[in-house]
Amino acid sequence: MSETAERAPEDVAALPPTPGLGGGPWGAVKRAAAVLAQQREATVFVVAVLLVIYFWRASPAFLTKDNIINISQITAPVAIIAIGEVFLLVCGEIDLSVGFIFAFSPFFMHYLIDYYGVPAVLAVLLSLLMGVAAGFVNGFITVALRVPSFIATLGTGFILWGLMLTTSNAYPANIPDKAQGIGHWIGTYAWAEITWAIVLVIIFQIALSRTRWGLHTVAVGGNILGASEAGINVARIKYTAFMLTGFMGALVGMQEAFRTNSIDPSSGGYTPMFYAIAGAVIGGTALAGGSGTIVGAFLGAFVLSALTDGFNLIGISANPLNIIFGAAILVAMIANVQLSRLRRAGRTT
Amino acid sequence: MTAPEPDGLSPVGGPPGTDPQAADGAVLRVEHIAKRFGAVTALVDINLHVGRGEVLGLLGDNGAGKSTLLKILCGFQPPDTGRILLNGEEVQLKSVDNARALGIDVVYQDLALIDELTVYHNMFLKREMVRWPLLNNRAMRRIARERLDAIGIGLPSVDVPVARLSGGQRQAIAVARAVYSDAKVLLLDEPLAAMGAKEAALILDLIRDLKQKGDISIIIVAHNYGQAIEICDRINLLQHGEITFDKLSKNTSVQELNDIVIEEYRRALLERQRSA
């Protein structure tokens, strides 16, 4: 799926048989494996399939409808936030504040509806816009004031966190009655979140790999001076990525509030953001910028969710889970670095 | 060193006031361009011109201001003072895009290639073919292939990331990208820097082909005097932010250029000894 430096399917089909892979059915399988190995998502896809098989064998409950819904509801918020983070990571930035946009957006919607009488649909839209505005501020501090995004978003994250806690007095709030209707479509229905996630993943994977915007995002992360010299508006690309991440954070915040039927000041925070970045990295996005894949990040989010859910099902305590997560991130990162090196050297072709 | 009078033998002559005939033929003319970066004066008072189909070599020591001048001419950064005339009309180069739209394109010393992107995406970077809203990859791939074949750059595939290519191939792709942008003025910043003989020959052939076609004016920033004299019609020497030498290539030599630069070193050394 990552078109940027991968071989397009039509060209792969036109390639002569790779020397050493042989002919016949076995050769075709080997060629298919070679093509798969060129896709950034290949490693995480194989890991995801193996995990499903392992947990299904270990606990048949893993593939029941209820558990699949459960996994989807863990996967979806991480995957949606990861969409924004992948765009940011690809263009060489990061957003640590997105979890606090997540936390603040449902409160913002609640204030607009219950204190200012704003219609529910408009309040939802304005809350999404609040996320976009927060992303713009992150972009402004990073691009215009030249503060590294790690620090800029650390600061804005604390501010949003403090704003949310101060305005809510750190008490949960109920979902406004007027918003219940629209809330079903946003997050209350069992499959709502994963449906949003899949649709958004498809749209933004296409945007990243098949549009000028995506190509320029990769160019900015790959060689910022070169991109600038080629005439690409680097600042605009970065602003857009921050605003996209803010939008995704605000959307997920409202989805989770509707799903749990409560606006909770303890939701969001650093955890979903770190899971999203971990998912992106496991899925093949380079932290150094210049390459990434939304589908890979979705698969990465699924792997993390399957691990969380699967270990719970087979009765392993949550305590060692972080060891597994840490190891998964390190292994994925090492594999990505080594595979990228091989791809560059042309040894996978 | 005082600026010598232009030799009057160049196809389009020297700065305005010294060679009235020049004004008519110049595609690009630069008048009294100056640029400072804080306390550092990069360009003092630049006057140069290039005629239609002419190849102008811009030589000078490190830090003489060659790259700064090129970045001004391609719209990457604005000059502090002075003006730029294109076909006799003053133009404001507000951005790289703006300069490109006016027919001025550049190949930077760092090539402005994106390692992670394929050859064809690099060739079309910022000029992508789009079948809205998606990139028309199929068309870009086909045209990139045709263009590279036309200029004799043999690549097994345009789908490989440019990171996999040799220095000469990368340079050729950057030049091809600029050539096919319908540029009327092409700026090449150190096109042969850090290149082996075989790879340099590839680029020199490419420049010769462009020169033969005669419809693109080229300014080449170079370090190698021999190569510059061989490929360029005229040589300008940039020293301390000023053009101090302007001669047709056939009327100068590597020896003459070396003598000027050595004299400059001697002068600088003497000044340092006096001030010490």
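In helix 9 of chain A, residues A:A207, A:L208, A:S209 and A:R210 meet A:W213, A:G214 and A:T217 of helix 10 of chain A. The residues of this contact split into 3 nonpolar, 3 polar and 1 charged. The model is predicted.

**Helices 9 and 10 of chain A**

A helix pair is described by two quantities, the angle between the axes and the distance between them. Helix 9 of chain A covers residues 192-210. Its axis and that of helix 10 of chain A come within 5 Å. The two axes cross at roughly 65°.

**Where chain A touches chain B**

Helix 10 of chain A also takes part in the contact with chain B. That contact takes 24 residues from chain A and 27 residues from chain B. On the chain A side, the elements giving two or more residues are helix 10 (212-222) and helix 11 (224-229). Helix 10 of chain A provides the largest share, 5 residues. By residue class, the chain A side holds 9 nonpolar, 9 polar and 6 charged residues.

**Helix 12 of chain A**

Helix 12 of chain A runs over residues 234-260 and has 27 residues. From its first C-alpha to its last it reaches 39 Å, close to the 39 Å expected at 1.5 Å a residue. Is this helix mostly covered or mostly open? Helix 12 of chain A is mostly covered, with 21 of its 27 residues buried. Just after the helix, A:N261 takes a positive phi of about 55°.

**A:W185**

A:W185 sits in helix 8 of chain A, residues 180-188. Why does A:W185 count as partly exposed? Because it has 13 C-beta neighbours inside 10 Å. A:W185 and A:G155 are 30 residues apart in sequence. In space they are 33 Å apart, C-alpha to C-alpha.

**Chain B as a whole**

Chain B has 9 helices and 12 strands. Its radius of gyration is close to the value that the globule rule gives for 276 residues, so chain B is as compact as a globular protein of that length. The table collects its overall values.

| Property of chain B | Value |
|---|---|
| Radius of gyration | 19 Å |
| Globule rule for 276 residues | 19 Å |
| Span of the C-alpha trace along its principal axes | about 65 × 40 × 40 Å |
| Buried share of the 276 residues | 47% |

Contacts in chain B also reach across the sequence. Of those with a separation of 6 or more, 67% join residues 24 or more positions apart.

Conventions:
Residues numbered from 1 in each chain as written. Chains lettered and ligands numbered in written order. Predicted model: local features only at pLDDT ≥ 70, side-chain atom pairs only at ≥ 80, totals over all residues. Helix = DSSP H or I, 4+ residues; strand = E, 2+ residues; numbered from the N terminus. Expected span 1.5 Å × (residues − 1). Buried ≥ 20, exposed ≤ 12 C-beta atoms within 10 Å, placed from the backbone. Contact = placed C-beta atoms within 7 Å. Nonpolar A, V, L, I, M, F, W, Y, C, P; charged D, E, K, R; others polar. Axes fitted to C-alpha atoms, helices over the stretch in contact; angles between N-to-C directions. Rg over C-alpha atoms; globule rule 2.2 N^0.38 Å.
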